[in-house]
Amino acid sequence: MTTAFNPSPEDIAASTTRELLYTICPVLVASNVALELGWIDDELAKVGASATYLRSVAGEAAWQAHYSHASERLLRDGGNSPAIWAQADLRPTVLVGLTQAQPAGRIIVRAQDDIYRLGDLKSRRIAIYRSLQSGKIDFRRATTEHGILTALAVQGLKREDVEWVDIEDRDNHEETPSRTPAGIWAQRHGDAEAIIAGAHSREARALLEGRVDAIYDSSIGTARLLEASGLFKLIEDLDHHPDWTLRIANAPRTITVSREFAEANRDVVVAWLRASIRAGHWINANPDAASEIFLRTTIYPHAGDIAAALRGYDLVPNLSAQNLSGLTIQKNFLLSQGYIRGDFDVACWADASYLEEALASF
């Protein structure tokens, strides 16, 4: 059971403009750049609206709402598992945009081990993340599980052919509130070269310590840093296969809006999309400059790796048939594995009219 999160007048100064509450995942989506460049504020001001960052106030309800979409006026841009969970089980939303910009995933082992291909993992131990937080969908576990099962299937292996080892995480959200997402993620960024000791490397430590024989990684830059240490090696990279469906896990990223807000404030949603479209085109044309902004607004540790990744993606939001099909694959996976209870039609969830209106103004 989730509690609706709507900041009080004491939390947010009174305003004569319409107030959109927003949250953005620390991943490669155009909203992160549009926000940092001031384009979201500019576009919203044109329609007499303004935006407040969800985690500009403290408390458990604020971070939980990022996953549960527990607000009647929230726009969320980021990983698809929480958005699917919210639509399936919690609150009616509208899907207004998609972005496919995440590595498909890699399988990593210790450099000295006699493991050279996925087939060598039969009867071996593979790590799977497990959050101890009960107030949200365990999106990292879902991403890892989907990625591992996909990698195994490529080599004709099944779930039961490997031993799954839970890597538990308190998964706390103890950051100081911030006016923008960059302020939150600045608190989590450490020395990129110390990735093995970092907050997102529990699986890597388990591998190094011999508690597991392989891990899955779908980040940007982490695998390169692990290999550079001389302690690890890659035995599979799903991006090297031609089958695009292998790239479906926590992407395509989703832009979703609480249905009641979207229907009552169409121009506000279109204004946000205009800013994101503008930023997407700018990112596509300027990957090196964009990588410096993403370094501040994502969990990825190295600007050079981000820039290299950006050259292979299109950051302009869309609702393409391929991405909608990919989202359906992910929804069906989450349903089949028990991450969500309810089912729904992705095509009916999407409303392209907001994006079409935004694109028509360019």
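Predicted model: local features only at pLDDT ≥ 70, side-chain atom pairs only at ≥ 80, totals over all residues.
Residues are numbered from 1 along each chain as its sequence is written, and side-chain values use heavy atoms, with hydrogens and water left out.

Let me begin with the whole chain. It holds 15 helices and 10 strands, where helices (H or I, at least four residues) and strands (E, at least two) are DSSP runs, numbered from the N terminus. For 362 residues, a compact globule would have a radius of gyration near 21 Å, and the chain, at 20 Å, agrees with that; the radius is taken over C-alpha atoms, and the globule rule is 2.2 Å times the number of residues to the power 0.38. Along the principal axes, the C-alpha atoms fill a box of roughly 65 × 40 × 40 Å. Of the 362 residues, 58% count as buried, which here means under 20% relative accessible area, with exposed being over 50% and partly exposed in between (1.4 Å probe, protein chains only).

Now to strand S1, residues 18-24, where 6 of the 7 residues are buried. Which strands pair with S1 in the parallel sense? One of them is S2, residues 49-53, over 5 bridges, and another is S3, residues 74-78, over 4 bridges; two strands pair if DSSP finds at least two bridges between them. On the S2 side, Tyr22 has Tyr53 as its bridge partner, whereas Ile24 stands opposite Asp77 in S3.

Finally, the loops, and we can start with His69, which is found between helix H3 (60-68) and S3. Its phi is near 60 degrees, a positive value in a residue other than glycine. Is His69 buried or exposed? His69 counts as buried, because its relative accessibility is 1%.

Asp171, in the loop between strand S7 (163-169) and helix H6 (181-186), also is not a glycine and has a positive phi, of about 55 degrees. Asp171 has 10% relative accessibility and therefore counts as buried.
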